[in-house]
Amino acid sequence: MEKEKTREEILQERKAKKLEKKSKNQPKEATAVKVEGKPEEKKESPVKVAKVEPAARTTSPVKKPAEVKAIPEKKEEGKDLKASREEILAQREAKKLAKQSAKQKAPQAKTEPESESTKVLGNVEKSNTDTDLAEKMETLTISDAPKAKTTTKAERRAIQEAQRAAKEQKMKEKSAKDKPAPVKPAPKTNAVKVSPTARKVVRTDGAHSGQKHRVKLFNHLYRDYFMHPPKVSGDYEIHEAIRTLGAQFSKMEITGANARCYALLTIMKVVIKKFRTPPEKEFSRCLETYVGHIMEYLEQCRPMAVSMVNAMKYLKWQITQLPTDIVHVPDPDSEEEDDPHIELKMILFDIIDTYIKDQLDKADLAITWAVQEKIADGDVILTFGGSSLVKQILKEAHNRSKKFRVIVADAAPLHEGRDMTRKLIDLGIDCTCVLITAVTFIMQDVTKVLLGANSLLANGYVMSRAGTAQIALVAKSHNVPVLVCCETHKFSERVQTDAFVYNEIGSPDDLVPREFAKNSLQNWRANPYLTPLHLYYDITPPELVTAVITEIAILPCTSVPVILRIKPTEIGY
């Protein structure tokens, strides 16, 4: 019977097999031991690699392909440990020398430390009888590939300059390809020369002729309602009465904030009466939407005044507050078409009549009575434009047998002062009509200035007919009090300090005088360098206004936010 192998023999056989496999995989030059023969010595390194010695002989029938012999060097073990430390230090010095040689670009000095490092690493393969260390050191390889050659700053700069020059050359070639071929000049002919003015006249003719005669500063204010009819938005058909009213607004047949507001509210009663709710729809919501479309339509005809906007806001708010529990009882005896919403329409009619009575009629009457206390006998009152409220105040003062004289300042192109003078003369009031350019000469005789207003802004500025600010400025320089008559339904929450941000531009043809058959502005469209500008309103700062007379009280301009706050918030003004 065969003897059982001991644990040490089994481990020894496993190690021998591992060494045999590794010796087959490794190239012959890197083999550290020689099987069944004398150990091979490396030419690069004089150090011998230790071989593993079997611990005991075995009688196993397994044939070992090779016996690993070890060189007995027990006496030199202490010396090898010291040598390994010296080898590590030598290796570090070799690496330092290699770095220095690479920086200095000395190829001869570069090879020497590399050879030394290979010798030192070859000596590392020698170890003690520790088998694991020997196995790890056998697999250690050294790459002899040369390091990449480094370049200096001068060389790198030269490469960059060459690349930059090549790039510029490519760009020049590309631009030369993109350039169109040169066009040969046409032969000269005996053509008639055209003046530069005539050339520009030809260019202005066409679709863009209207764009040429526009001031860039007011480009956001220009509208096309003078040449094109307004568009109808939405699915609702605009009533014929609203179309007629819009045409009257655009043609300036109805002017003045109060007159326009009164006309709009009167027409709205007709529109509401003819309004029919679509099937399966709610009356209040449909009517509110329809009122919004009416406002859009009128805005295209001519920008709505503040008094009109506030009135329509109030009407829309009242429409949303209509009761929904009213039951309509049809009248069998009535010959007219039965309207299921006649009760709601009657409520709206009363609301519109109340608004006209309170905000227009009674407010004007209250302001008229308040101003009578400020007018004394012998006063010379200066007014500008054709304010209906100022005319009513002067009429009431004349009816009270007060002795005063009126000077009306007039300005082109609307010439509202002429109509104002004609109406006051018909009432029997002593009047004088002057142009606005003569205000500085007659201001020394004036004792009070009465002015109307289109609206009063939240910051106290007065928006009125163009020329009002000039008159207020001249009156301030002569220490003449300036009284502005304005109803509270003209108060606006908008803030404005100049006439550029928001204004209204009239037709430039209105600036052409019509009294003369021939004038210099007759063919202004043919001159590309001439652009007439017709602004309706200007802004008067509160420093030039002494007081604002309202139906509530006589207030300073800075009290506008207080009036807006005490008004019902649901009205919206």
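## Helix packing and cores in a predicted model

Leu298 is in contact with Ile242, Gly246, Phe249, Leu264 and Met304, leaving aside its neighbours within four places in sequence. This is a predicted model. Leu298 also belongs to the largest nonpolar core, which has 42 residues. Leu298 is among the residues with the most contacts inside that core, together with Ile242, Leu264, Met268, Leu287 and Leu348. The most comes from α10, with 10 residues. A second, separate core has 22 residues, including Ala370, Val390, Met420 and Leu450. In soluble globular proteins, nonpolar side chains tend to be buried together.

**The chain as a whole**

The chain has 573 residues, and 36% of them count as buried. Its secondary structure comes to 17 helices and 10 strands. Take the contacts between residues at least 6 apart in sequence: 77% of these join residues at least 24 apart.

| Helix pair | Axes come within | Crossing angle |
|---|---|---|
| α8 (240-250) and α9 (257-274) | 10 Å | roughly 165° |
| α12 and α13 (388-399) | 9 Å | roughly 50° |

Start with α8 and α9. Their axes cross at roughly 165°. Angles over 145 degrees count as roughly antiparallel, so α8 and α9 are roughly antiparallel to each other. Their crossing is right-handed. On the α8 side, the contact is made by Ala241, Ile242, Leu245 and Phe249. On the α9 side, Arg260, Ala263, Leu264, Ile267, Met268 and Val271 take part. By class, this contact has 9 nonpolar residues, no polar residues and 1 charged residue. Two of the residues in the contact, Ile242 and Phe249, are also in contact with Leu298.

Now α12 and α13. Their axes cross at roughly 50°, and α12 and α13 are therefore oblique to each other. The crossing of α12 past α13 is right-handed. From α12, the contact takes Asp364, Leu365, Ile367, Thr368, Trp369, Val371 and Gln372. These meet Leu389, Gln392, Ile393, Glu396 and Ala397 in α13. The residues of this contact divide into 7 nonpolar, 3 polar and 2 charged.

**Backbone in the loops**

Most residues other than glycine have a negative phi, and most peptide bonds are trans. Some sites in this model depart from that pattern.

Met252 is one of them. Met252 is not a glycine, yet has a positive phi of about 60°. Met252 lies in the loop between α8 and α9.

The loop between β2 (404-410) and α14 (416-426) holds Pro413. The peptide bond from Ala412 to Pro413 is cis, with omega near 5°. His415 is also placed in the loop between β2 and α14. His415 has a positive phi of about 55°, although it is not a glycine. Is His415 buried or exposed? Its relative accessibility is 19%, so His415 counts as buried. The cut-off for buried is under 20%.

Conventions. Residues are numbered from 1 along each chain as its sequence is written. This is a predicted model: local features need pLDDT of at least 70, side-chain atom pairs count only at pLDDT 80 or more; totals for chains, interfaces and linings use all residues. Side-chain values use heavy atoms; hydrogens and water are left out. Axes are lines fitted to C-alpha atoms, for helices over the stretch in contact, and angles run from 0 to 180 degrees between N-to-C directions. Helices (H or I, at least four residues) and strands (E, at least two) are DSSP runs, numbered from the N terminus. Angles under 35 degrees count as roughly parallel, over 145 as roughly antiparallel, 65 to 115 as roughly perpendicular and the rest as oblique. A crossing is left-handed if the near helix is turned anticlockwise from the far one by less than a right angle, and right-handed if clockwise. Contact means heavy atoms within 4.5 Å. Ala, Val, Leu, Ile, Met, Phe, Trp, Tyr, Cys and Pro count as nonpolar, Asp, Glu, Lys and Arg as charged, and the others, Gly among them, as polar. A nonpolar core is a set of buried Ala, Val, Leu, Ile, Met, Phe, Trp, Tyr and Cys residues joined through side-chain atoms within 4.5 Å. Buried means under 20% relative accessible area, exposed over 50%, partly exposed in between (1.4 Å probe, protein chains only).
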